Amino acid sequence: MNASTDRVVRWWHLLVPGRGSVARPSDRFQSGLLLVAVLVALAAVPFAAAAGSELYATQKPVSAEQVAQRSKATAVLLADGPATTVSGRSGVVANSAPTDAVWQAPDGSRRVGKVAADEGARRGDQVTIWVDRAGNPVPPPLTAAAVLVDAVCATLGLWVSVCLLLALVYGGTVFALNRHRLAEWQREWDAEQEKRTHP
């Protein structure tokens, strides 16, 4: 028997004690619970992957539509941006606020409205914004890379959540079993002391 096979056998006996072992019922229950937790964690992988795939399939057409309908534009501020805020702990705080600006719509028309300007921005500064086909300011489009990242994060997040829940259940159960075993040992010790005191 090579070293890797011997290691697998030792782990198996740890997870599933045989009939000839000295494992107590609580030890067998704990080992069985650990085995179930591992199997459930493995079984959760395809379900988490399916959830991530579903999210990807849902967001992909949304991303394609936004990328097609939104474009960058350069807005020129018509007023100063918000005043610079200084925090005693972190220094300068980079906030933004709606500020009057002018920009060109995709059809070439001139548009006036409010855009997000950073603190310290001055009148006449240029700000890059995203606009829809009508020239209205909109958030940046959801890119294909962002869709992929969201799907991967959703998959990992769901699987990690399942593992954390399993670990919480297992840890709580082991804590309760340890208290039970300690109580049994105390009773056995008290009984043995009673025998020695009253032979």
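**View 1. Salt bridges in the predicted model.** Two salt bridges are counted here, each being a side-chain nitrogen of Lys or Arg within 4 Å of a carboxyl oxygen of Asp or Glu. Please keep in mind that this is a predicted model, in which local features need pLDDT of at least 70, side-chain atom pairs count only at pLDDT 80 or more, and totals for chains, interfaces and linings use all residues. Residues are numbered from 1 along each chain as its sequence is written, and side-chain values use heavy atoms, with hydrogens and water left out.

**View 2. Arginine 122 meets aspartate 80.** The side chains of this pair form a salt bridge of 3.7 Å, N to O. Arginine 122 sits in the loop between β5 (110–118) and β6 (126–131), and aspartate 80 in the loop between β1 and β2 (85–87), so the bridge ties together parts 42 residues apart in sequence. Strands are DSSP runs of E, at least two residues, numbered from the N terminus. Aspartate 80 is partly exposed at 43% relative accessibility, a class that falls between buried (under 20% relative accessible area) and exposed (over 50%), with a 1.4 Å probe and protein chains only.

**View 3. Aspartate 100 and lysine 114.** In this salt bridge the closest N and O atoms are 2.8 Å apart. Aspartate 100 belongs to strand β4 (residues 96–104) and lysine 114 to strand β5, so the pair links parts 14 residues apart in sequence. Aspartate 100 is partly exposed, at 34% relative accessible area.

**View 4. Alanine 75 in strand β1.** Alanine 75 lies in strand β1 (residues 71–77) and is buried, with a relative accessible area of 0%. Beyond its neighbours within four places in sequence, its contacts (heavy atoms within 4.5 Å) include Trp103, Val115 and Ile129. Threonine 128 is 53 residues from alanine 75 in sequence, yet 6.2 Å away in space, C-alpha to C-alpha.

Technical notes:
Helices (H or I, at least four residues) and strands (E, at least two) are DSSP runs, numbered from the N terminus.
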